[in-house]
Amino acid sequence: MLTDGPEFPQRYFVHIQSLLRLFLKVPAMSNLKPLNIGVIGYGFMGRTHSNGYKRVNDFFPALQHRPILKAICGRSEDQLRKFADQWQYESTETDWRRLLERKDIDAVDICTPNNSHAEIAIAAAQAGKMVLCEKPLAMDPIEGQKMVDAIEAAGVANTVWYNYRRVPAVSLAKKLIDEGRLGRIFHYRANFLQDWTINADLPQGGTALWRLDAAAAGSGVTGDLLAHCIDTAIWLNGSISSVTAMTETFVKERKHNLTGKVEKVGIDDACAFLCRFGNGSLGLFESTRYARGHKALYTFEINGEKASIRWDLHDLHRLEYFDHADNSLVRGWHQVHCTDGDMPYMGNWWVPGLQIGYEHTFVHQVADFIAAIESGRPCNPTFRDALETQKVCQAVLDSAKCGLWKEIA
Ligand code: SOE
């Protein structure tokens with residue numbers, strides 16, 4: 001994690017310098033080394049990642065590399081052109097294999113639907129490229145294992161974009177837990193609730209709605225939303241050892257955008273599971289796309305022997321904290337507004353009290369990825385870390401099918 005922004009007065013100096021550059025049209029002098037990026041996929045995630053690459057050096061000046069948007073790759077020439085112009089990519093490619101052959105690409109970033117992650121990531125690793133992959137890692141743990149094997153055999157830098165770890169308040173939760181402030185942990189509770197698929201006339205599949213198509217997504221809310229909750233939970237509270245789950249598909253048939261026919265829906269619309277963590281604590285997780293009124297309500301609460309914490313994506317810059325050691329006259333839930341410079345990542349942004357948001361988590365991941373390359377450390381979550389999450393997702397889906405507790409292999 002980087003908290004290496006310049007000191008307060010220097011920050012203003014850097015700001016004045018960039019304003020001067022803007023008005024006098026003087027090109028920026030840079031001794032930063034280029035890190036040439038090829039992004040595959042220009043959907044929602046293509047945009048979040050591109051934004052991360054573009055902004056990172058403005059806010060993390062200690063980095064020695066500058067990501068260069070060398071190439072954007074996708075199938076529709078037309079869309080590619082528009083995307084490349086909008087985000088200022090130097091070139092376009094309509095075949096990812098061609099992108100991997102290019103000598104001028106250092107890192108490949110996979111923002112495609114889940115069913116193409118494995119093939120691209122394995123080929124990219126074999127081509128010696130660094131690989132950044134959108135979540136979830138794979139369609140299932142078997143594929144995920146092959147990806148980990150390929151990445152580790154090639155010895156290339158890698159990371160998976162579980163971006164919520166890099167919300168400053170969530171990183172603060174990690175710090176508080178690691179410092180032992182919660183003591184022994186008893187309970188971990190998480191939800192990820194949305195409401196955008198309730199309409200039974202919504203089709204499945206195709207470019208915009210591949211998340212509803214099991215052939216492209218692998219699963220529904222389990223791989224798309226609970227995977228985020230599981231990644232954060234493992235990071236904060238350690239490994240998950242066993243699960244028991246239930247899933248439901250409320251709308252059983254939808255028109256398929258690719259075939260034009262009404263087809264069976266193979267994804268889980270909702271999923272809830274109980275689990276046991278390796279540290280003895282109990283977990284309770286729920287996710288659905290049928291919670292009318294909730295757009296992206298990711299919340300978690302952790303109850304420890306000494307203290308509890310909770311967090312809510314809709315209010316992402318606050319961490320709520322209850323410490324039993326507080327004097328009983330003032331004991332209660334505190335709201336920690338995570339904007340001061342000593343909060344994770346916040347020394348690189350504005351001044352105390354001024355918050356940042358969702359898109360900054362991707363800037364942070366780029367910053368951490370570059371810092372990791374520069375120091376020779378892994379950038380978490382690595383492919384191997386993300387395989388753990390994939391195994392839990394699979395155990396959840398298997399348990400929901402058979403109605404039994406499942407151990408995590
Ligand atoms: C689904 O709606 C989605 O966009 C996920 O795919 C993202 O991973 C999540 O962060 C927000 O919701």
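Colleague: What should I know before I start?
Modeller: The model is predicted, so local features need pLDDT of at least 70 and side-chain atom pairs count only at pLDDT 80 or more, while totals for chains, interfaces and linings use all residues. Residues are numbered from 1 along each chain as its sequence is written.

Colleague: Which residues are around the ligand?
Modeller: Gln 194, Asp 224, His 228 and Ala 296 are around the ligand, where a residue is near a molecule if its C-beta atom, placed from the backbone, lies within 6 Å of it.

Colleague: And the largest nonpolar core, how many residues has it?
Modeller: That core has 101 residues, and those with the most contacts inside it are Val 131, Leu 226 and Val 396. A nonpolar core here is a set of buried Ala, Val, Leu, Ile, Met, Phe, Trp, Tyr and Cys residues joined through C-beta atoms within 7 Å, and a residue is buried if 20 or more other C-beta atoms, placed from the backbone, lie within 10 Å of its own, exposed if 12 or fewer, and partly exposed in between.

Colleague: Which helix gives the largest share?
Modeller: Helix H10 (residues 221–237) does, with ten residues; helices are DSSP runs of H or I with at least four residues, strands are runs of E with at least two, and both are numbered from the N terminus.

Colleague: What is Val 396 in contact with?
Modeller: Leaving aside neighbours within four places in sequence, Val 396 is in contact with Thr 222, Leu 226, Val 243, Ala 245, Cys 271 and Phe 273, contact being C-beta atoms, placed from the backbone, within 7 Å.

Colleague: Switching to the backbone, where is the peptide bond from Asn 380 to Pro 381, and is it cis or trans?
Modeller: That bond is cis, with omega near -5°, and Pro 381 lies in the loop between helix H11 (358–375) and helix H12 (383–402). A cis peptide bond also joins Lys 135 and Pro 136, with omega about -10°, and Pro 136 is in the loop between strand E5 (130–134) and helix H6 (141–154).

Note on methods: Contact = placed C-beta atoms within 7 Å.
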